[in-house]
Amino acid sequence: MIALSEDFKMLASQLPDLDLEAYLRTVEEPLPECIRLNTLKFREEDVKEFMHARGWRLEPLAWVRHGYRVLEAPVANLGDSIEHMLGLIYIQGPVSMLPVEVLDVKAGDRCLDLCAAPGSKSTQISQLVGLDGVVVANDVSSKRVKALSFNLQRWGAINSVVTLADGRLFSRWAEGLFDRVLVDAPCSSLGVVSKDWSVLKRYRLNHSRRLQPLQASLLESGYKCLKPGGVIVFSTCTIHPLENEAVISRFLDRHPEARLEEVRPQGLRRRRPLEEFGGERFSPEVEKCFKCYPYDNGGEGFFIAKIRRE
Amino acid sequence: MSRSNYASLSAFLRVDALPPQLVFTESGKKIRCVTHEALEIAARMKGVVTMGVYAAKKLGDDYYLSIEGSQLLGPYLEGGVIEISMSEAERWMRGAPIEREGLERGIAVVRMGWLYLGSGRVSRDGRIYPLIPKERMISYQGDTG
């Protein structure tokens, strides 16, 4: 039985589209095992052939290039496989691969991952930009930067730069420099509870209230780092509208020149973002964002907004 | 720093055949491999921790290549590459030495077809001992194929 804080129960009662029973049933189960194949160091066909010979059975994910669901593996723990240790694969949640796909990265792009640790999305970007592009993977925590560097090393990301800096200040030295920026913002993590049930017991509304201005500042800073015509993706793995719809709606109010683009991934169920929450009415544009609860796709709950700088 | 500065490393490599985007940088005994574009962007960043990947380390008169270094540079090595089987690769990745006859002492790079698995030290007893960090080793006793 998963313990819930009073604040989480309150939130669940305020979300008109949340089926709490289905939510709890889903997060009680582990996330489906999914991986991405490394096309930066290897040829995808070689990796697939090698893994097939070793007893892996994989099923492609429709919404992400190089992403697969693991149907069978030669090891009980994927993190203890040769494939993982040699950087042939990256173990990652199925929906967590979507923000980089939405970012629409092209070979040769200059990309910034503003809140990058532990590096799953940075490794994904690095394989898409190729040797003529670059990914700057930044994080504010020195402890988390170690994990970030380790994962980029294992991935063979020779096209990466790891920086340790407050993402809110990044635009001071990187204004207008990047084609693509990802802000996978720190959040209350209510969409990835399968990894840690205690999130629901510890959750307080104040977490979301404290995180919201930080998320807004990171989005602002990341937006300034874009070249004209560039794209920024803001994502969280939470279901709280204060950290999702409200952040985007207020950003659009401040930036009438910014253009929100539709996020309609193939093969994933999405739900309509809320039009209002807690007395705050959101911009109708927010409807273009992607939102899902964990039980929608048997994976993580996510919110994703794609904004183009005109 | 240009790769042409690495006279000693280039003695081990057919450097002219390397992809043109690659640059080597040196810090102490460690050599990193990074792309020109990443190097250029890094110069404009604050708080840079690392660039590219750790590719090689000087060990006496030899270089040994990291797992990533071996994957990047292995195809351009002049010699010293040992082909191993899947079952040997499983043992290698658990930190166990592999045996070959007639090897000279020094550093050898190990590969299984197109997949390079880092370097090892060839000892007096003819075994190659893996020089891979513990956090990259596997612990399971699965099917050795």
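## Surroundings of A:Ser96

A:Ser96 touches A:Ser120 and A:Glu300, leaving aside residues up to four places away in sequence; two residues are in contact if their C-beta atoms, placed from the backbone, lie within 7 Å. The model is predicted, and local features need pLDDT of at least 70, side-chain atom pairs count only at pLDDT 80 or more, and totals for chains, interfaces and linings use all residues. Residues are numbered from 1 along each chain as its sequence is written, while chains are lettered from A and ligands numbered from 1 in the order in which they are written.

A:Ser96 lies in the loop between β4 (89-91) and α5 (98-103) of chain A. Helices (H or I, at least four residues) and strands (E, at least two) are DSSP runs, numbered from the N terminus. A:Ser96 counts as buried because it has 23 C-beta neighbours inside 10 Å. A residue is buried if 20 or more other C-beta atoms lie within 10 Å of its own, exposed if 12 or fewer, and partly exposed in between, with C-beta atoms placed from the backbone. A:Thr236 is 140 residues from A:Ser96 in sequence, yet their C-alpha atoms are 9.4 Å apart in space.

## Helix α6 of chain A

A:Ser120, one of the residues touched by A:Ser96, is also one of the buried residues of α6(A). Ten of the ten residues of this helix are buried, so α6(A) is largely enclosed by the rest of the structure. Among them are A:Lys121, A:Gln124 and A:Ile125. After α6(A) comes A:Gly130, with a positive phi near 70 degrees.

Helix α6 (residues 120-129) of chain A packs against α7(A) at an angle of about 35 degrees, and the axes are 9 Å apart. Axes are lines fitted to C-alpha atoms, for helices over the stretch in contact, and angles run from 0 to 180 degrees between N-to-C directions. On the side of α6(A), the contact is made by A:Ser122, A:Thr123 and A:Ser126, and on the side of α7(A) by A:Leu148, A:Asn151, A:Leu152 and A:Trp155. This contact has three nonpolar, four polar and no charged residues. Ala, Val, Leu, Ile, Met, Phe, Trp, Tyr, Cys and Pro count as nonpolar, Asp, Glu, Lys and Arg as charged, and the others, Gly among them, as polar.

## Contact between chains A and B

The contact takes 34 residues from chain A and 38 residues from chain B. Elements of chain A that each supply at least two residues to its side include α3 (44-53), α7 (142-155) and β7 (160-164). The largest share, five residues, comes from β7(A). By class, the side of chain A that touches chain B has 19 nonpolar, nine polar and six charged residues.

β7(A) is joined by three bridges to strand β3 (residues 48-51) of chain B, and the two run antiparallel; strands pair if DSSP finds at least two bridges between them. A:Val162 stands opposite B:Thr50 in β3(B).

## Chain B and its sheet

Chain B has four helices and ten strands. Buried residues make up 37% of its 145 residues. Among its contacts between residues at least 6 apart in sequence, 48% join residues at least 24 apart.

Five strands of chain B form an open sheet with mixed pairing, in the order β6-β8-β9-β10-β7. β6 (81-83) and β7 (98-99) of chain B stand at the edges, each with a single partner strand, so one side of each is left without a neighbour in the sheet. β6(B) runs parallel to strand β8 (residues 106-112) of chain B, and three bridges join them. B:Val81 stands opposite B:Val109 in β8(B).
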